[in-house]
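This report covers the ligand site and the voids of one structure. The structure is shown first, and the description follows.

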Amino acid sequence: MKILVAGGAGFIGSAFVRYTLEAYPADSVLVVDKLTYAGNMENLAGLERLPNYEFVRGDICDRSLMQELVANCDAVVNFAAETHVDRALVEADAFIRTDVYGVYSLAEVCKSASHSLKLFVQISTDEVYGPQYEGAATEESPIRPTNPYSASKAGGELLALSYHRSFGVPVIVVRGSNNMGPRQHPEKFIPLLITNALEDKELPIYGDGLYVREWIYVDDFVRGVDLVLRQGKVGEVYNIGGGLENQKTQLEVANAILELLGKPKSLIKHVADRPGHDRRYSIDSSKVQALGWKRQYGFDAALEATVNWYRANEGWWRRIKSGEFAEYYRRMYERR
Ligand code: NAD
Ligand code: DAU
């Protein structure tokens with residue numbers, strides 16, 4: 001298989017690229033990434049020597065470039081997106097451009113290439129279901145996104161699915177829960193807390209700290225995406241999540257990080273809540289489990305592996321935190 005991975009220089013995309021090249025040495029991977037503030041060539045370091053790997057800097061909204069790239073591929077997996085809820089709450093333009101228009105544009109390209117293309121996997125999120133106060137959302141549950149990020153992701157996946165139903169484009173949608181692991185941008189909760197704690201800085205907790213997220217280790221998620229890519233049914237949606245036992249509040253996560261790092265609980269600081277903050281996400285992953293997928297990491301093992309990676313890779317996160325991120329952090333947190 002030749003796989004086009006859009007957004008492959010980001011957190012999950014780069015883990016998927018690394019996994020694919022290792023597990024399927026006979027396959028080839030072509031990465032396309034715009035290299036926004038979240039894209040990072042360091043995430044793909046070492047792969048350039050492989051003959052079956054190639055990187056192209058580009059935008060999924062660039063129809064002619066994408067036409068050229070898709071023409072030679074058997075499958076497209078689209079991780080490319082604006083991904084941070086807090087940024088979407090300040091300025092959503094880029095979210096609508098990439099997460100809605102970009103997916104539509106990619107679906108158009110896949111439509112014209114559909115004679116050769118076997119699959120277009122659109123990576124979506126459990127946030128499209130909106131808050132689940134009890135139980136777990138199945139793929140059949142209604143989608144009720146509540147913030148500009150989740151609404152944009154819902155728009156993108158609905159357009160992709162509409163291209164399957166209207167034009168026969170071979171689309172599959174994956175809805176993932178909160179990933180953790182190496183190379184996640186420090187704007188996100190877990191890497192922000194780990195790196196702040198390592199720097200003896202306060203750990204900002206929105207609101208009462210009792211908002212629940214379903215945590216999954218990125219390697220488990222990536223294996224699920226790979227299984228869906230190779231064995232999933234066209235036209236279907238698959239949830240891939242950490243499961244009920246790995247649902248944690250922010251305070252539980254913060255306490256576990258401080259414990260692992262031997263830092264004091266006094267670093268925890270409650271700050272103003274995120275507007276429209278969804279109380280709890282929860283998804284039922286039995287459909288992908290029926291394909292044979294199983295998680296290998298529980299929350300504790302996943303967090304320990306993640307903490308160890310950030311400890312061992314200070315250069316990676318310090319380069320990000322000392323750049324334009326410093327100004328972002330001041331703007332978002334100083335008077336919060
Ligand atoms: P990320 O922000 O780390 O990476 C996104 C990547 O997309 C970056 O490399 C960026 O440069 C690239 N990109 C952005 N706009 C682009 C464009 N117009 N054209 C080409 N490339 C572009 O994101 P992530 O956390 O790795 O998430 C990957 C995907 O998984 C996203 O679609 C996200 O919505 C989804 N998702 C993430 C999580 C999570 O917990 N991180 C959970 C569920 C679903
Ligand atoms: O659920 C899947 C989604 O998970 C993905 O689709 C998104 O791309 C990804 O960013 C993530 O969204 P969240 O909003 O859940 O992730 P975030 O890391 O921003 O926040 C996790 C929880 O921690 C959430 O309840 C908000 C809270 N939080 C976050 C930050 C950044 C804090 O309490 N303090 C913080 O400083």
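Which helices and strands each supply at least two residues of the shell around ligand 1? They are helix 1 (11-23), strand 5 (119-125), helix 5 (148-167) and strand 7 (178-180); helices (H or I, at least four residues) and strands (E, at least two) are DSSP runs numbered from the N terminus. The model is predicted, local features need pLDDT of at least 70, side-chain atom pairs count only at pLDDT 80 or more, and totals for chains, interfaces and linings use all residues. Residues are numbered from 1 along each chain as its sequence is written, chains are lettered from A and ligands numbered from 1 in the order in which they are written, and side-chain values use heavy atoms, with hydrogens and water left out.

**Ligand site**

Ligand 1 is surrounded by 29 residues, and the closest are Ile-12, Asp-33, Thr-83, Tyr-149 and Lys-153; a residue is near a molecule if one of its heavy atoms lies within 4 Å of it. Strand 5 gives the most to this shell, with 3 residues. The shell divides into 11 nonpolar, 14 polar and 4 charged residues. Here Ala, Val, Leu, Ile, Met, Phe, Trp, Tyr, Cys and Pro count as nonpolar, Asp, Glu, Lys and Arg as charged, and the others, Gly among them, as polar.

The table gives polar contacts (pairs of N or O atoms within 3.5 Å).

| Backbone N or O atom of | Distance to an oxygen atom of ligand 1 |
|---|---|
| Phe-11 | 3.0 Å |
| Ile-12 | 2.7 Å |
| Phe-79 | 3.1 Å |

On its own, ligand 1 has 840 Å² of accessible area, and the protein covers 97% of that (Shrake-Rupley method, 1.4 Å probe).

**Pocket and cavity**

Voids are found on a 1 Å grid over the protein atoms alone: a cavity is a set of points where a 1.4 Å probe fits but cannot get out, a pocket is an open set with protein on both sides within 12 Å along at least five of seven lines, and lining residues have an atom within 4 Å of a point. A volume is the space filled by probe spheres set on the points.

The second largest pocket has a volume of about 210 Å³. Its lining includes Phe-11, Arg-18, Glu-22, Arg-183 and Asp-219. Helix 1 and helix 7 (218-231) are the elements that give two or more residues to this lining, and the largest share, 6 residues, comes from helix 1. By class, the lining has 8 nonpolar, no polar and 4 charged residues.

The structure holds 1 cavity of 30 Å³ or more. The largest cavity has a volume of about 40 Å³. Among the residues that line this cavity are Glu-127, Arg-213, Arg-274 and Asp-278. The lining of the largest cavity comprises 3 nonpolar, 3 polar and 4 charged residues.

Definitions and conventions. Polar contact = N/O pair within 3.5 Å; in protein donor to acceptor, adjacent residues only side chain to side chain.
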